[in-house]
Protein chains: 2
Amino acid sequence: MKYIIIGAVAGGASTAARLRRISEDAEIIIFERGQYISYANCGLPYYIGDVIKDRNKLFVQTATSFANRFKADIRIRTEVTAIDAEAKTVTAVNLITGEEYTETYDKLVLAPGANPVRPNIPGVDQEGIFTVRSVADTDYIKAYIAKNDIVRAVVIGAGFVGLEMADNLSALGLQVSLVEKTCQVLPAVTDPPLAAIAQQHLREKGVLLHLDTVVTSFRKRDDQFEIKLEDGELLEADIIILAVGAKPDLSLAGKAGLTTGKAGGIRVNEFMQTSNPFIYAVGDAVEFPHPISGQPVVSLLAGPANKQGRICADNMVWDNRYPYRGAINTAIVKLFDLTIGVAGLTSGQLMRSGIKHLVSVTHGNSHAGYYPGAQLLTIQIVFSPEDGQLLGAQVVGADGVDKRLDILATVIKHKGTIYDLMEVEHAYAPPFSSAKDPVNMAGFAAENILKGRARVMQCTEVETLPEDATLIDVRTEAEHQCGTIAGAINIPLDNLRLQLEELPRDKTIYIFCQQGMRGYLAQRILIQNGFRDVINICGGYYLWKAYHD
Amino acid sequence: MKYIIIGAVAGGASTAARLRRISEDAEIIIFERGQYISYANCGLPYYIGDVIKDRNKLFVQTATSFANRFKADIRIRTEVTAIDAEAKTVTAVNLITGEEYTETYDKLVLAPGANPVRPNIPGVDQEGIFTVRSVADTDYIKAYIAKNDIVRAVVIGAGFVGLEMADNLSALGLQVSLVEKTCQVLPAVTDPPLAAIAQQHLREKGVLLHLDTVVTSFRKRDDQFEIKLEDGELLEADIIILAVGAKPDLSLAGKAGLTTGKAGGIRVNEFMQTSNPFIYAVGDAVEFPHPISGQPVVSLLAGPANKQGRICADNMVWDNRYPYRGAINTAIVKLFDLTIGVAGLTSGQLMRSGIKHLVSVTHGNSHAGYYPGAQLLTIQIVFSPEDGQLLGAQVVGADGVDKRLDILATVIKHKGTIYDLMEVEHAYAPPFSSAKDPVNMAGFAAENILKGRARVMQCTEVETLPEDATLIDVRTEAEHQCGTIAGAINIPLDNLRLQLEELPRDKTIYIFCQQGMRGYLAQRILIQNGFRDVINICGGYYLWKAYHD
Ligand SMILES: Cc1cc2nc3c(=O)[nH]c(=O)nc-3n(C[C@H](O)[C@H](O)[C@H](O)COP(=O)(O)OP(=O)(O)OC[C@H]3O[C@@H](n4cnc5c(N)ncnc54)[C@H](O)[C@@H]3O)c2cc1C
Ligand SMILES: Cc1cc2nc3c(=O)[nH]c(=O)nc-3n(C[C@H](O)[C@H](O)[C@H](O)COP(=O)(O)OP(=O)(O)OC[C@H]3O[C@@H](n4cnc5c(N)ncnc54)[C@H](O)[C@@H]3O)c2cc1C
Ligand SMILES: CC(C)(COP(=O)(O)OP(=O)(O)OC[C@H]1O[C@@H](n2cnc3c(N)ncnc32)[C@H](O)[C@@H]1OP(=O)(O)O)[C@@H](O)C(=O)NCCC(=O)NCCS
Ligand SMILES: CC(C)(COP(=O)(O)OP(=O)(O)OC[C@H]1O[C@@H](n2cnc3c(N)ncnc32)[C@H](O)[C@@H]1OP(=O)(O)O)[C@@H](O)C(=O)NCCC(=O)NCCS
């Protein structure tokens, strides 16, 4: 059996390696347009930021080591320019010699990845304005920074790559401005309140945020860029990074007549097979139904690409026996001293799809509060009001975010519920967690909401309250003095039972504390004392403050 | 409704707090023999080790703060000495005044915890020999260390508490010897190979391990202890810590005529109700069927105690509606710079129960190898040879152990399989993981074993090989030179395809590499080249070496 694989990084190289392991006698030819195979795309921002110092570390395999170990014919600097799906041939061009030739295949794998979007803004094509996708891009950026006197950087786009670049350029000592079209960072994958915590941190770290605006032009004078924003502001910079997303590379798929889909990727069935039975596709270039929403999505993530590669090889060799189940797009990013991560769907996405859901935000310590070094983390979960199915999670904090996210992602992927969160049996000793992990706590709080024992409102809704709303701050007097929500009356939780008579029984009572827990306790006391309409502000003053800062 | 709760720490206090939240008008009386409620038992070793410096941090609540917040009648220094289950009364003794009185209840909760075992060894009852269970114990130990000139400590028992004490006494600068009856640390919850990695680390950190022996007597002369071991050795010490386990406190249960079970705990049904319908019980004192084995087990762990407390309260108020599903006893311990953790069943336990299972050991980086600071961690999983159900997991390493364990525990608890591990969609960015997490890798390797594509033998079985076994070290020549298994021939993996003719086709071929992965690749090459009988040594030379050190 003769296999051709196009693209030799996450998806392609993984397919090839597994193919060899399960089929020692297969003929495997891999075409790679670039100079390198199997490199760590995900490491590129950190190499730019000098966090990864040794360039060689970016190469998990070289063409030679891979060819040797996996007995594969690897043709780097060779671009496939066309696929003849009828004839089962590809046309390849050696980018060094210019030689063009065809190669036949029995089965073909498309793993061409995605192309960074280069927005059509006047002046975008000048030297000093970069995208970050390949090793070559990275080398250009490093060289440009080394050669020029770079002090200020502007990053356009506050998605994962944009944020990593902001972090890493700051690590180099640059003054970084971040321009983002929407009014929050990570707009595609987080809801505003948790994003706001990240924004607070970015500002604290000196990143200048320009949200809710777009670049209208780039102008260069004397090696300096002037970046004009829609809101009228003019930024100056010595280097510009474009990080406004990437789109599946459909060029070959188009030529081969493969079906593409609503999400902009190559359509594959559960066996990673395209509309042509002899052509499979994996990685950034494909779309696949989201396990929770059922809607097609692309996953521009290395984990799915690697896993699809393995499944793809199995299905090519063993005739479509191993279904892929799709990705909930778990993703994470380090932002200076903070980490923010997501899995599944956001409240915003669900709202736009008209799917009913509930939202709960809780905070917890990364490990036992009495053990040194515990740090606060915040978990938002969204879940079904019917059966409690967990639909999505967002976590932000300084430590232990990845752990909680992995647990949440595992439950989401299993189609688990908030009840499963209550039962998660995590490893507890003081350096690692608390007797009830923040993930358990998220489950408990969600159960209370789901069962109607705790009515909540989101911090985003507070501004819609009428002026004369009864708003009770149940924190201590000292906390209240340090800042509160306008119009709030202070009744510390531990006094509440004694001051019931001061509260109106005919009005809705809105409650908040610092993090939400005391608010919940207050709510329980009031409800059981006959106050019918008591609402706790989800995530407490802490979240409200981050959102309103 | 009048509730009495006996014991006011993890299980009792949690029950009381939830009870109040869901039942504002309940009458709640809590009896606690000790001086303190709601304290962090789990923090005690770290307080002894001066890692937690402020004693007040150990108290999550005080009797006063708890009474106030939760409107509960807390009677500290008051011991319940008898229960009259017929009359529904308890007899209580005020330990300060000596006053004895009875109190009636509608429903009673037993949360008395467990008692540390004090082995019946000559000389065990002398001053300077301590158990570690309560704040009082801890105060005694701290005071003893402060008052005396303590240089050497002997810890008896290498379970979780023993290991934490070894770590923390070392942190104080003491020379620590650890005596353990079995031939490994954590004998009840780990299998020998992973325990061996911990043992290596303990030795590196200067802990003197005395495995496979017991203490036969303690003698004190001039403030110094002589500890005689069964193997003839004589240890000297200034302080001795007994950490040979704890047993459910059944004293009151016995008096109340409650049914106790095979595992030595109070029997409860899924609603945490004892054999008497008006008496519930939670925490260390109860036994419950293990979700995987179905056998009753006690869980001497804070997580289950806290969660049971909440469920117990719900069932008392809402008439047995919320089933508890049991604990897989996920547990973890920091050991100097290492962490070791477990969930579910061990291979040893399964073997003793006659349950067929497969074992796989893999190693992986705590995060991307190319990002600074990645550390090796080792995962052992045990799983069903029929359907791949995950039955247990053990993880050891310097970083990221808790995260992997939590994912594994979540899958075990969901009755998930090794296939679920393959699909775990963890959060990946370079500081947090790799595109395929070590947990995915554990799943892949297990699948290969389960499907018969990769036959493995455990490192513990290597010594049973015949002298003339064909043993191939597929590591590089340099690695081979630095140490190998006696009798092994070196054929580096990347030469293997060229040297096939050198290998016997009529004999079993045993293969190993450093970690197992290259051994697996070699195995795939050989099998597909017609060698029928090829076995890879699970966990590679790394694990073999730890086990044989
Ligand atoms: C800066 C950056 C940071 C990232 N960080 C993370 C992260 O932290 N976590 C995460 O999960 N994901 C991250 N990703 C995403 C991740 O790298 C991708 O999802 C993954 O690499 C996709 O794999 P792929 O095989 O589909 O495509 P790629 O890895 O992009 O490989 C496609 C290859 O195909 C080659 N190719 C394309 N067309 C042709 C052709 N016609 N002929 C020959 N060769 C061709 C290309 O040259 C390319 O090398 C990051 C990506 C970038 C760019
Ligand atoms: C040193 C140490 C370290 C630990 N580390 C960890 C860890 O890292 N992770 C983990 O998960 N678990 C750990 N544990 C275990 C954990 O603390 C227990 O599982 C948990 O506290 C059990 O809760 P409980 O309510 O059943 O019992 P306890 O918390 O022990 O509370 C029982 C209380 O009942 C009182 N009592 C008993 N009888 C009577 C009576 N007749 N009248 C009045 N009062 C009575 C006792 O005085 C006691 O205060 C550790 C335990 C110890 C001792
Ligand atoms: C380098 C690359 C080709 C490796 O692919 P791979 O060989 O499939 O992956 P690994 O090296 O992780 O090896 C995994 C294999 O080893 C096996 N394995 C791992 N540890 C093992 C052990 N201790 N014992 C036995 N087998 C083991 C696994 O089961 C798996 O084999 P299988 O798929 O046949 O079951 C591919 O990962 C790659 O190109 N990576 C870089 C590009 C990239 O991912 N970029 C984006 C992220 S930055
Ligand atoms: C102190 C102690 C009594 C607290 O018990 P508790 O009140 O049940 O637990 P917590 O303080 O964690 O609060 C949990 C409650 O707050 C709610 N909550 C937490 N965060 C919330 C938020 N942000 N918004 C709303 N509710 C929140 C939870 O839903 C839960 O309420 P529920 O059970 O009614 O659903 C008990 O944990 C204890 O005694 N601990 C010390 C002893 C111990 O555990 N030792 C062993 C370990 S060292």
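**View 1. Salt bridges across the interface of chain B and chain A.** The rule finds 16 salt bridges across this interface, a salt bridge being a side-chain nitrogen of Lys or Arg within 4 Å of a carboxyl oxygen of Asp or Glu. B:Lys403 forms a salt bridge with A:Asp406, with 3.9 Å between the closest N and O atoms. The model is predicted: local features need pLDDT of at least 70 and side-chain atom pairs count only at pLDDT 80 or more, whereas totals for chains, interfaces and linings use all residues. Residues are numbered from 1 along each chain as its sequence is written, chains are lettered from A and ligands numbered from 1 in the order in which they are written, and side-chain values use heavy atoms, with hydrogens and water left out.

**View 2. Polar contacts and the side of chain B that touches chain A.** Across the interface of chain B and chain A, 39 residue pairs are in polar contact, both residues at pLDDT 80 or more. A polar contact is a pair of N or O atoms within 3.5 Å; within protein, one must be able to donate a hydrogen and the other to accept it, and residues adjacent in sequence count only if both atoms are side-chain atoms.

View 3. B:Arg69, B:Tyr370 and B:Glu425 supply 12% of the area that chain B buries against chain A, more than any other three residues.

**View 4. Ligand 1 between chains A and B.** Of the 33 residues around ligand 1 (a heavy atom within 4 Å), A:Gly11, A:Glu32, A:Arg133, A:Asp284 and B:Tyr428 come nearest.

**View 5. Oxygen atoms of ligand 1 and polar side chains of chain A.** An N or O atom in the side chain of A:Glu32 is 2.6 Å from an oxygen atom of ligand 1. For polar side-chain atoms of A:Asp284 and A:Asn41, the distances to an oxygen atom of ligand 1 are 2.7 Å and 3.2 Å, respectively. The protein buries 94% of the 990 Å² that ligand 1 exposes when taken alone, accessible areas coming from the Shrake-Rupley method with a 1.4 Å probe.

Key
Buried area = accessible area lost by both parts, 1.4 Å probe.
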